Amino acid sequence: TKSSDKIWKMCYNNIKNGKPTIVNVTGGRSSCDHYVIVIGSKNISDPNKLSPTNFLILDPAPHDGFNVESFTNVGYKLRADSDGDFDAIF
């Protein structure tokens with residue numbers, strides 16, 4: 001079981017180590033099971049207080065382009081699975 005805080009911390013640590021992270025999302029362009037790749041971070045003053053606004057993504061969903069976007073500007077939220085936790089694929 002992973003809370004959203006733990007997922008953001010894992011994303012942050014992976015990015016520092018040059019490893020993008022795939023997360024399951026809902027909202028925005030998503031329909032059912034949808035995944036985006038977290039590839040960067042921004043505006044982090046305290047790595048122990050991370051939020052979705054701190055992360056940049058690439059989104060494979062059909063839209064006007066495949067540019068780097070802010071996680072929250074697209075309207076995404078982490079999607080909880082059937083047991084209520086959040087998952088990330090590394």
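pLDDT is the predictor's confidence in each residue, on a scale from 0 to 100. The model is predicted. Its chain has a mean pLDDT of 86. Of its residues, 92% reach 70 or more. Confidence is highest in strand E3 (residues 55–58), at a mean of 95. It is lowest in strand E6 (residues 88–89), at 70.

The chain holds 1 helix and 6 strands. Along the sequence these elements follow the pattern α-β-β-β-β-β-β. The C-alpha trace spans about 35 × 30 × 20 Å along its principal axes. The radius of gyration is 12 Å. A compact globule of 90 residues would have a value near 12 Å, so the two agree. Among contacts with a separation of 6 or more, 50% join residues 24 or more positions apart.

Buried residues account for 33% of the 90 residues in the chain. The accessible surface comes to about 5,300 Å². Carbon and sulfur atoms contribute 49% of that surface.

The largest nonpolar core contains 17 residues. Val23, Phe71 and Tyr76 touch the most other members. Two or more core residues come from each of helix H1 (4–16), strand E1 (21–27), strand E2 (34–41), strand E3 and strand E5 (76–78). H1 gives the largest share, with 4 residues.

Phe71 has contacts with Trp8, Val23, Val25, Val36, Pro52, Phe55, Ile57, Tyr76, Lys77 and Leu78, with residues up to four places away in sequence not counted.

Notes. Residues numbered from 1 in each chain as written. Predicted model: local features only at pLDDT ≥ 70, side-chain atom pairs only at ≥ 80, totals over all residues. Heavy atoms only, no water. Core = buried A, V, L, I, M, F, W, Y, C linked by side-chain atoms within 4.5 Å. Buried < 20%, exposed > 50% of the residue type's maximum accessible area, 1.4 Å probe, protein only. Contact = heavy atoms within 4.5 Å. Rg over C-alpha atoms; globule rule 2.2 N^0.38 Å. Areas by Shrake-Rupley, 256 points an atom, 1.4 Å probe, with all protein chains shown as cover.
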